[in-house]
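Reader: I would like to learn how to read a few features of a structure. Please take them one at a time.

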Amino acid sequence: MSTASSIVRVDGVAKRFVIRKEKSLKERLVNFGRSNQHKDDFWALDDIAFDVAIGSSVGLLGANGSGKSTLLKVIGGIIEPTRGIVERRGRVAALLELGAGFHPDLTGRENVYLNGSILGLSRKQTDRYFDSIVDFAEVHDFIDTQVKFYSSGMYVRLAFAIAVHVDPDLLLVDEVLAVGDERFQRKCMDKIAEFQQEGRTILFVSHSADQVTRVCDRAIVLSHGRVIFDGDTEGGIAALRGSF
Ligand SMILES: Nc1ncnc2c1ncn2[C@@H]1O[C@H](COP(=O)(O)OP(=O)(O)OP(=O)(O)O)[C@@H](O)[C@H]1O
C-alpha cells in the first residue's frame, strides 16, 4: 500500500453488471427463435479512487442506486471489481445487506460459530466471545432458533454483535442499523463511538445526515457510480443535497 497510514486504497475501481431485460411480445414475434432477453452493460462504479486513513470514519453518501453498497462490497472483498485495485489491511468485519453472511437454516448459535470461523476466529476464541455476543444482541431466547425465523431487527442485532466482537480493524456498515429499534440503534452508535476511540476505522453508509454528522469525520459522495465530493461531512451533506 502506498501510504503507511492507510488501511484501504481504492484505485481506478469500476464495476460492470450485465442486466438482462425481457423482450416485449412484439420483439419476441419479430425475433422468433432467438433469445427472449436483451443484455445491457451497466457500470455501477466508474473510476473510483481514494485512500482511507487508519482510525478515520468515512461516510459514503449518495442517492438510491448511486453505487454505495456496491463500493462497500468491493472494499469488503465480497465482489470483485471489473477494473482497478482494492488494497486492505487487517481484519475486516462487514455488516452489509440484511442476513448476508448468515445461513438461514442454521440457528443463531451455529451462525455465530460459522461467522466466527469465516472471520478467522478459532472455535475457542468464538467460545470466549459467545456469551458477550448473545448479551449484546439480546437474542437469548432465540439463539437456538433457525435464523430464517428471526425478525429483521433480530438479524441486525446478531450480525452487529458478531461484527463488533471479532476485533476488526475495519468495520463496514451498510445502512442495516436503520432496521433496529431506537434503543438498539443508540447501543450501536455507542459501540461505534467506542470503536473510534480505540483507533479503529469505519466505513459507514447511511441516508441519515444526522448519523453521518455524528459518526464521520469525512464524507465521500457518489452519484451514478462516480465520486462527486470527497471532504468534510458538512460539505458532503451539501453536495449530496445538490446531487438530487
Ligand atoms: N448484482 C447486480 N446486478 C445488476 N445490477 C446491480 C447489481 N447490484 C447492484 N446493481 C445496480 O447497481 C446500481 C448501484 O446499486 P447499489 O446497491 O450499489 O446502490 P446504493 O447507492 O447502495 O443504493 P441504495 O441507497 O438504494 O441502497 C443500481 O442501479 C443497482 O440496480
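Reader: Which residues are around the ligand?
Author: The model is predicted. Around the ligand are F17, I19, F42, A44, G62, N64, G65, S66, G67, K68, S69 and T70. By class, this shell has four nonpolar, seven polar and one charged residues.

Reader: Which element supplies the largest share of the shell around the ligand?
Author: Helix 2 does, with three residues. At least two residues each come from strand 1 (6-22), strand 2 (37-53) and helix 2 (68-76).

Reader: How do I read the packing of helix 4 and helix 5?
Author: Two packed helices are described by the angle between their axes and the distance between those axes. Here helix 4 (residues 123-137) and helix 5 (residues 152-165) pack at an angle of about 140°, and their axes are 8 Å apart. Helix 4 is therefore oblique to helix 5. The crossing of helix 4 with helix 5 is right-handed.

Reader: Which residues of helix 4 and helix 5 meet?
Author: From helix 4, Y129, S132, I133, F136 and A137 meet R157, L158, A161, I162 and H165 of helix 5. The residues of this contact divide into seven nonpolar, two polar and one charged.

Reader: In what order do the six strands of the open sheet lie?
Author: In general, strands of a sheet pair through backbone hydrogen bonds, either parallel or antiparallel. In this open sheet the order is 5-6-7-3-8-9, with mixed pairing. Strand 5 (92-95) and strand 9 (226-231) stand at the edges with a single partner strand each, so one side of each has no neighbour in the sheet.

Reader: How many bridges join strand 6 to strand 7?
Author: Five bridges join strand 6 (residues 170-174) and strand 7 (residues 201-205), which run parallel. L172 has L203 in strand 7 as its bridge partner.

Conventions: Residues numbered from 1 in each chain as written. Predicted model: local features only at pLDDT ≥ 70, side-chain atom pairs only at ≥ 80, totals over all residues. Near = placed C-beta within 6 Å. Helix = DSSP H or I, 4+ residues; strand = E, 2+ residues; numbered from the N terminus. Nonpolar A, V, L, I, M, F, W, Y, C, P; charged D, E, K, R; others polar. Axes fitted to C-alpha atoms, helices over the stretch in contact; angles between N-to-C directions. Parallel < 35°, antiparallel > 145°, perpendicular 65-115°, else oblique. Left-handed = near helix turned anticlockwise from the far one by under 90°. Contact = placed C-beta atoms within 7 Å. Pairing = 2+ DSSP bridges.
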